[in-house]
Amino acid sequence: VVAACVTMVEELLTIELSSQVTETPVKNPNQQLVALGFANVVAAFFGTMGGGAMIGLTMVNIHSGSNGHYRIAGVVSSLLVMGIALGAGIIIQYVPMGALAGIMAVVVFHTFNWGSLLLVLAAILPKKIRDKINFHRKISRGDALVIVVVTVVTLFTNLFYSVILGVFLSATLYSWESSYKLDIQEEYTSNEEGKKVKIYRISGNLFFATAQPLLRYIKPREDPDIVEIHLDSAIVFDFSAIDCFNNLGYKYKELGKELHVKRIDVNSYELVSKAGKLFKHFSYEIIPLDVLDKPTHLHVQDS
C-alpha cells in the first residue's frame, strides 16, 4: 500500500512539474494514474517489478530537449528497458560505474530546486540584515519550515511520508495564522420598536481555530438585550463555528437576551442549513448574494 501511495504521489508531482516546465496542459491526470495502475497489475502476472514516473529522470529528459509533445523519450525508454529485461542486460556490465554515478549526480542536480536554499536563508535572516545586504527574497518562516522538513524526511523515509507530513504542517500553520486574522467590528443601532441593538460585523474564516477567540471577544453580560452577528464578510467552514454561536446564544438566553446571526452568505448555506435543527439558542438568517433584497429568514424555535 505504501509503495502504491508513493508511486501515485510521485506520478502526480512529476505530471505537475513537467507540465509547468514544458508549458503543456494536463488534461486528465487521473487517466494516467489508472493507466499506470493497470500496467503494474498486468506486469505483476509476468513476474516483473512495478514502476512509475520519476521526477529526477523526467527533469533530465526535459533538460535534454524533450518538450512533452511527441512522447518519443517515453517510448524509447520503454523499449530499452524491455530489451535489457529480455537479454541485453549483459551490456550494462560494460558501462563504467563512474558513468552511472555521473548520471545520478546530474539527476540530483536537476531535481533539487537550488533556489529554495536562498528562500530558506532569507526566512532565517533578520530584517535588518536583509535590508543591509539588499536581500529581498523572503518567504514566511512557516513555508521555510515546510520546505526543510519535507526535504529531510524525503532523504530518510520516502516521498509519500514527506508529502503527508508537509500537508499536515501546512494545514496546521494555516489554522494557526487564520486564528489571528479574525476581524470584528462593533456598532449600535435601533430596531423598529426603538430598542437598542448591538451589531458585531465579522470578517474572516470561521472554523475550529477561530471559534475560541470569538467566544473570548464577545461579552454577553456587557451587551444590550438584542445582539446581532453579521457574517456577510465571513465564511463558516465547520461545525465548531456553528457550535460557537450556539454557545453564545445559550449565554445570552440565560441573561434574558436575544442573539440573531444574520447575513450568512451562500458559501456557508449548505453547511448551516443541514445543521439547522442543532441550533437551540439563537435565530439565523441566510441571505443569498444574488438576492440581497429578498432575504430568506429561517428561525429556530427554542426547545
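**View 1. Strands β1 and β2 form a hairpin.** Strand β1 (residues 183-190) and strand β2 (residues 196-206) run antiparallel and are joined by 8 bridges. Here strands are DSSP runs of E with at least two residues, helices are runs of H or I with at least four, and both are numbered from the N terminus; two strands pair if DSSP finds at least two bridges between them. Look for Thr189, whose bridge partner in β2 is Val197. The hairpin has 5 residues between its strands, and Gly194 in the turn has a positive phi of about 85°. This is a predicted model, in which local features need pLDDT of at least 70 and side-chain atom pairs count only at pLDDT 80 or more, while totals for chains, interfaces and linings use all residues. Residues are numbered from 1 along each chain as its sequence is written, and side-chain values use heavy atoms, leaving out hydrogens and water.

**View 2. Strand β2 also pairs with strand β3 (residues 226-236), in the parallel sense.** This pairing spans 9 bridges, and Lys198 has Val227 of β3 as its bridge partner.

**View 3. Helix α10 (residues 208-217) packs with helix α11 (residues 239-254).** Their axes, lines fitted to C-alpha atoms over the stretch in contact, are 8 Å apart at an angle of about 20° (angles run from 0 to 180 degrees between N-to-C directions). That makes α10 roughly parallel to α11, a term for angles under 35 degrees. The contact (heavy atoms within 4.5 Å) includes Phe208 and Leu214 of α10, with Cys244 and Phe245 among the residues of α11.

How values were computed: Parallel < 35°, antiparallel > 145°, perpendicular 65-115°, else oblique.
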